[in-house]
Amino acid sequence: MTNSRAAIQKRQFYWQGLHVPFIAPWSNERILPGTIVRRTGVGGTGIGYADELSRVDRRRGVLWVRQSLAQGSGTPTLGNVHALRQRQAMSHMLCQVCGETTYDADFARWGERHLFLARALKGRPFSEGEQTSAPPVCLPCAHESINACPHLRKGHTAALVKYARPWGVAGVDFDEATLRMMPTPPEQHLKIQMDHPRERWTLAMREIQTLHGVTPVKLIDLAGTRSKSS
Ligand SMILES: [Zn+2]
């Protein structure tokens, strides 16, 4: 996985001196409304877009929110998440900060494991089978994040993870009769497991995976080795 890294290196974005994470949305990346209709297809009946493009709008039978792509345009919303870049990062194990693959030299050095990092005020470690919508992080970005983010500095937990497995999605539930969104508290998405009956009535906004082969680690113990730029 070390071939032609220079050729595929992703552009990095900065805002007021801060490295803007790959998964952070920018103000010109808007949620596109789309007309919701009732649709019957393979797997049952549920919501769909009136002008749906199956290969773009649906994944594993689940309808996804439409969000425009304009990374770097406008102002970033740090701490928020662009639905489609989050999904891309989860699916391909891209670092949530720089967007590069985490199948890197450190992955090989750690016995083919990915690094996951989370805010944890009480230092609760990652557990086996834990659900997460936060993509992995590469080691240089993990160190950079802890230095830059006061929340992470106050308390974080890290783990090396053998693999992540798709679990389901987080999104918004739609009423079967009215085709309107069910009221949910702001910023709180409903979590729906794959093949759940409500799956087809959910507009997905995040991919959720479960973590397996989890070994809690201290970041400081992973330091002192080569970085991505070396
Ligand atoms: Zn990174």
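Two residues are in contact if their C-beta atoms, placed from the backbone, lie within 7 Å. This is a predicted model, in which local features need pLDDT of at least 70 and side-chain atom pairs count only at pLDDT 80 or more, while totals for chains, interfaces and linings use all residues. Residues are numbered from 1 along each chain as its sequence is written.

**Figure 1. The whole protein, its contacts and its dimensions.** In the protein, 75% of the contacts with a separation of 6 or more are between residues 24 or more positions apart. The protein has 7 helices and 13 strands; helices (H or I, at least four residues) and strands (E, at least two) are DSSP runs, numbered from the N terminus. The radius of gyration of the protein is 19 Å, close to the 17 Å that the globule rule gives for 230 residues, so the protein is as compact as a globular protein of that length. That radius is taken over C-alpha atoms, and the globule rule is 2.2 Å times the number of residues to the power 0.38. Along the principal axes, the C-alpha atoms fill a box of roughly 60 × 40 × 35 Å.

**Figure 2. Confidence in the model.** The predictor's confidence in each residue is its pLDDT, from 0 to 100. The protein averages a pLDDT of 90, and 93% of the residues score at least 70. Confidence is lowest in helix H1 (residues 5-8), at a mean of 57, and highest in strand E13 (residues 202-217), at 97.

**Figure 3. Strand E13 and its partners.** Two strands pair if DSSP finds at least two bridges between them. Strand E11 (residues 156-173) pairs with E13 in the antiparallel sense over 14 bridges, and Tyr-163 has His-212 of E13 as its bridge partner. Strand E10 (residues 131-132) also runs antiparallel to E13, with 2 bridges; here Gln-131 is partnered by Thr-210. Strand E7 (residues 62-64) runs parallel to E13, again with 2 bridges, and Leu-63 is partnered by Leu-203.

**Figure 4. Helix H3 and what covers it.** A residue is buried if 20 or more other C-beta atoms lie within 10 Å of its own, exposed if 12 or fewer, and partly exposed in between, with C-beta atoms placed from the backbone. Of the 230 residues of the protein, 33% are buried. Helix H3 (residues 83-92) is mostly covered, with 7 of its 10 residues buried; among them are Leu-84, Arg-87 and Met-90. The buried residues of H3 pack against E7, strand E8 (66-67) and E13. Just after H3, Met-93 has a positive phi of about 55 degrees.
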